[in-house]
Amino acid sequence: MAKTALYDLYDSFDSDVYLDKSERNIQRVSNKLDDYIKQPNEENIHDIRKAIRRLEASYRSLPSKKVRKKRAIKEYMEYSKKLFSINSEIRDLDIISEKLPSNEDHSQQDTIRSIKELLSKQRKTKLDEAISFALELRKLHVPKLTKMVKISNKRSKKRFNKVISKYAGNIEHHLPIVVSDNKKINELHELRKDCKRLRYLLELLPDYSTGDQSGENKADISKLITKLEGVQDILGSIHDYDMMISYLRRRKGVGTRSTLVNSILAKINQERQNKYEEFTKFVKEDISLNSSNIFITMTHPKTTLT
């Protein structure tokens with residue numbers, strides 16, 4: 001299944017390359033953290049979240065619990081994940097505010113304005129909390145993996161393939177479910193996260209863009225990363241709509257006009273449906289769910305669903 005195919009196609013793990021790239025992932029968080037503390041705008045929120053996701057991929061694939069439980073590494077990861085979580089909430093508030101209509105008539109503008117003001121207050125509270133965590137993270141010693149960790153290629157490859165197989169298996173499990181039912185919101189969300197995790201893990205292999213691997217493996221990895229990124233981008237948009245719908249449903253009748261909220265919900269639901277249809281079209285054109293392994297058809301599509 002997923003384990004065999006990925007192991008056969010991408011058996012190019014190198015512990016030195018892995019440690020070097022993981023070291024860079026830690027340093028990237030440190031660098032982006034400085035930018036974020038100086039100016040926590042939308043771009044820097046995006047950058048620090050992305051950097052922490054890459055760091056998490058490195059952390060999860062470290063070859064032993066003993067290494068993962070080293071105080072400096074574990075503490076740095078825990079603070080980073082907390083910062084990621086708070087900034088995710090801030091991003092959600094920004095998305096909701098952005099998607100609220102701005103061309104309603106005068107009687108409705110007051111309602112929209114009141115919702116946006118509430119969102120702004122919530123954002124400020126969350127941002128204050130995030131900056132506090134960012135400053136605490138900045139105080140921590142930045143781990144130096146190449147100095148702290150010594151791993152064998154065989155052992156680290158085994159762990160790496162185990163983690164890859166876990167996420168690949170999750171994707172193979174969830175993809176047919178969400179393609180057949182657009183209301184599987186939790187599964188859609190988990191699928192998006194697993195696509196991200198697998199993509200960032202594959203980026204820890206020898207650079208697929210510089211010829212460090214054999215030509216076939218390099219092309220396959222490049223194709224798979226591109227497909228995973230395509231899936232997660234579409235699912236990210238669907239997740240934004242789901243989060244917006246959930247928020248508006250909670251707001252109905254709470255100091256808002258139900259007719260206005262229902263109107264916005266109808267529009268958002270239609271946009272969400274359009275994006276879901278884009279997702280199913282993408283999957284059906286590029287991935288055969290009838291195959292024994294979807295990762296083969298992600299890189300070498302031979303059949304499509306009808």
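A pocket is an open set of grid points where a 1.4 Å probe fits, with protein on both sides within 12 Å along at least five of seven lines. In this predicted model, the second largest pocket holds about 230 Å³ of space. The largest pocket holds about 800 Å³. Salt bridges are the other topic here, and a search of the whole structure finds 19 of them.

**The second largest pocket**

- The lining consists of Asn182, Lys183, Ile185, Asp242, Ile245, Ser246, Arg249, Asn269, Arg272 and Gln273.
- H10 and H11 are the elements that give two or more residues to this lining.
- H10 gives the most, with four residues.
- By class, the lining of the second largest pocket divides into two nonpolar, four polar and four charged residues.

- Why does Arg272 count as buried? Its relative accessibility is 7%, and buried means under 20%.
- Asp242 has 12% relative accessibility, so Asp242 counts as buried too.

**Other salt bridges**

- Side chains of opposite charge can pair when their charged atoms come close.
- Arg197 pairs with Asp194, and their closest N and O atoms are 3.5 Å apart.
- Both of these residues lie in helix H9 (residues 185–202). They are three residues apart, about one turn of the helix.
- Are Arg197 and Asp194 buried or exposed? Both are buried.
- Glu203 forms a salt bridge with Arg199, with the closest N and O atoms 3.4 Å apart.
- Glu203 and Arg199 are both buried.

**The largest pocket**

- Helix H3 (42–60), helix H5 (71–99), H9 and H10 each supply at least two lining residues.
- Which element gives the most to this lining? H5 does, with nine residues.
- The lining of the largest pocket has 16 charged, eight polar and four nonpolar residues.

How values were computed
Residues numbered from 1 in each chain as written. Predicted model: local features only at pLDDT ≥ 70, side-chain atom pairs only at ≥ 80, totals over all residues. Heavy atoms only, no water. Salt bridge = Lys/Arg side-chain N within 4 Å of Asp/Glu carboxyl O. Buried < 20%, exposed > 50% of the residue type's maximum accessible area, 1.4 Å probe, protein only. 1 Å grid on protein atoms, 1.4 Å probe; cavity = no way out; pocket = protein on both sides within 12 Å on 5 of 7 lines; lining within 4 Å. Points joined across faces, edges and corners; volume = space filled by probe spheres on them. Nonpolar A, V, L, I, M, F, W, Y, C, P; charged D, E, K, R; others polar.
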